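I open my notebook and load the model. I will write down each thing I look up.

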Amino acid sequence: MSIVVQGVTKFFGEQKALDNVSFGVKTGEIVGFLGPNGAGKSTMMKIITGFIPASSGHVHVNDIEVGTDNLEVRKLIGYLPENNPLYPEMYVREYLGFVASIYHTGISKKKQIDRIIELTGLVPEQTKKIGALSKGYRQRVGLAQALIHNPEVLILDEATTGLDPNQIIEIRNLIQEAGREKTVMLSTHIMQEVEAICDRVVIIDNGVIVADEEKSNIYSIIKRSKQVVEVGFDKDIEKSLILKIASVSSAKKIKNNMWLIEAEGEVDIRPALFAFAVSNKLTVLSLQKKENNLEEIFRHLTSK
């Protein structure tokens with residue numbers, strides 16, 4: 001395991017931010033770390049990176065205990081905090097040179113800077129002041145400073161906050177590229193991002209881990225009490241007729257002749273919909289059973 005968290009509890013005065021948290025992140029794994037605002041995500045990340053101490057418990061990064069040897073741990077970690085603190089008056093190359101000089105890697109500083117500017121797509125903006133960059137390029141600079149010493153572990157806290165869809169895809173691709181050879185822990189509120197790039201999902205709520213599953217298994221955490229089906233007919237039909245189908249509890253017209261139908265019970269409703277179409281001289285143009293998605297699971301596990 002690259003990251004091992006064992007029984008971590010954190011108090012801020014009387015407030016318990018983390019409550020006996022334990023989990024691990026394997027080498028070469030991209031883990032989505034999810035939770036509502038105030039759940040303890042950023043606190044946990046700051047403890048892993050050695051920025052704040054735990055009240056109790058232990059954290060190891062590549063077998064080095066955080067708190068015992070913080071400097072060695074920080075050499076292993078690239079960290080992009082949520083607010084992406086940068087120096088707006090510095091030029092991009094100047095800033096990355098400053099960051100590179102902090103890490104004594106034995107590699108030519110110019111080579112380090114050239115490599116990371118190319119990797120993060122900063123070539124067109126490398127001679128500009130950070131303060132003159134767009135939000136998307138400032139996020140790239142934040143990622144560049146996290147990656148410049150070629151860390152084994154990457155901790156990203158809301159890396160795509162405030163970006164437009166094109167920028168999100170670009171940053172997501174960068175994270176995926178980094179994840180091929182690094183351990184990545186990614187905190188985000190964008191569920192599509194987790195579904196697209198993460199191998200595993202850890203969900204925290206009120207300082208407690210409520211789920212820790214491989215992405216392929218996370219969808220089985222909850223079972224629907226209802227079936228949800230989206231069906232399209234070739235002609236318009238009265239809602240009252242659809243509601244007469246056995247086990248159908250609700251029907252909502254989405255657009256044109258498309259309907260979102262909910263049905264009670266475990267018996268597949270789709271054969272009944274085909275029979276309904278035949279008896280009403282309709283043609284089924286599309287029929288899709290809606291499965292659990294990560295957003296639904298997140299709401300189920302973190303709703304108060």
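**Entry 1: threonine 160**

Leaving aside neighbours within four places in sequence, which residues is threonine 160 in contact with? I note first that the model is a predicted one. With those neighbours left out, I list Gln139, Ile168, Ile171, Thr188, Ile190 and Glu193. Next I check where threonine 160 sits. I find it in the loop between strand E7 (153-157) and H6. Is threonine 160 buried or exposed? Its relative accessibility is 3%, so I write it down as buried. The cut-off for buried is under 20%. Then I look at one of its contacts, Thr188. Threonine 160 and threonine 188 are 28 residues apart in sequence, and their C-alpha atoms are 7.7 Å apart in space.

**Entry 2: H5 and H6**

I turn to helix H5, residues 135-147, and helix H6, residues 165-179. They pack at an angle of about 10 degrees. Their axes are 10 Å apart. I call H5 roughly parallel to H6 because of that angle; the cut-off is under 35 degrees. Which residues meet here? From H5 I write Gly136, Gln139, Arg140, Leu143 and Leu147. From H6 I write Gln167, Glu170, Ile171, Leu174 and Ala178. I sort this contact by class and get 5 nonpolar, 3 polar and 2 charged residues.

**Entry 3: H3 and H5**

Helix H3 covers residues 92-102. I look up how H3 packs with H5 and find an angle of about 25 degrees, with the axes 9 Å apart. That makes H3 roughly parallel to H5. The crossing of these two helices is right-handed. Val92, Tyr95, Leu96 and Val99 of H3 meet Val141, Ala144 and Gln145 of H5. By class I find 6 nonpolar residues, 1 polar and no charged ones.

Which residues of H3 are buried? I note Val92, Tyr95, Leu96, Gly97, Val99 and Ala100. These buried residues pack against H5 and against helix H4 (109-119).

**Entry 4: H3 and H4**

I go on to H4. H3 and H4 pack at an angle of about 125 degrees, and their axes are 10 Å apart. I write that H3 is oblique to H4. This crossing is right-handed. On the H3 side, I list Arg93, Leu96, Gly97, Ala100 and Ser101. On the H4 side, I list Lys109, Lys110, Gln112, Ile113, Asp114, Ile116 and Ile117. The class tally is 5 nonpolar, 3 polar and 4 charged residues.

**Entry 5: the cores**

How many residues does the largest nonpolar core have? I read 45. Those with the most contacts inside this core are Leu34, Tyr95, Leu96, Val141, Leu156 and Ile175. I pick leucine 96 and leave aside its neighbours within four places in sequence. Leucine 96 is then in contact with Ile113, Ile116, Ile117, Leu122, Val141, Ala144, Gln145 and Ile148. There is also a second, separate core of 26 residues, and it includes Ile3, Phe23, Ile77 and Val153.

I end with phi angles. Most residues other than glycine have a negative phi. What is the phi of asparagine 206? I find a positive value, near 55 degrees. Asparagine 206 lies in the loop between strands E9 (200-205) and E10 (208-214). It is exposed, with a relative accessible area of 51%.

Asparagine 256 also has a positive phi, near 45 degrees. I find asparagine 256 in the loop between strands E12 (248-255) and E13 (258-264). Its relative accessible area is 65%, so I mark asparagine 256 as exposed.

Notes
Residues numbered from 1 in each chain as written. Predicted model: local features only at pLDDT ≥ 70, side-chain atom pairs only at ≥ 80, totals over all residues. Heavy atoms only, no water. Core = buried A, V, L, I, M, F, W, Y, C linked by side-chain atoms within 4.5 Å. Buried < 20%, exposed > 50% of the residue type's maximum accessible area, 1.4 Å probe, protein only. Contact = heavy atoms within 4.5 Å. Axes fitted to C-alpha atoms, helices over the stretch in contact; angles between N-to-C directions. Helix = DSSP H or I, 4+ residues; strand = E, 2+ residues; numbered from the N terminus. Parallel < 35°, antiparallel > 145°, perpendicular 65-115°, else oblique. Nonpolar A, V, L, I, M, F, W, Y, C, P; charged D, E, K, R; others polar. Left-handed = near helix turned anticlockwise from the far one by under 90°.
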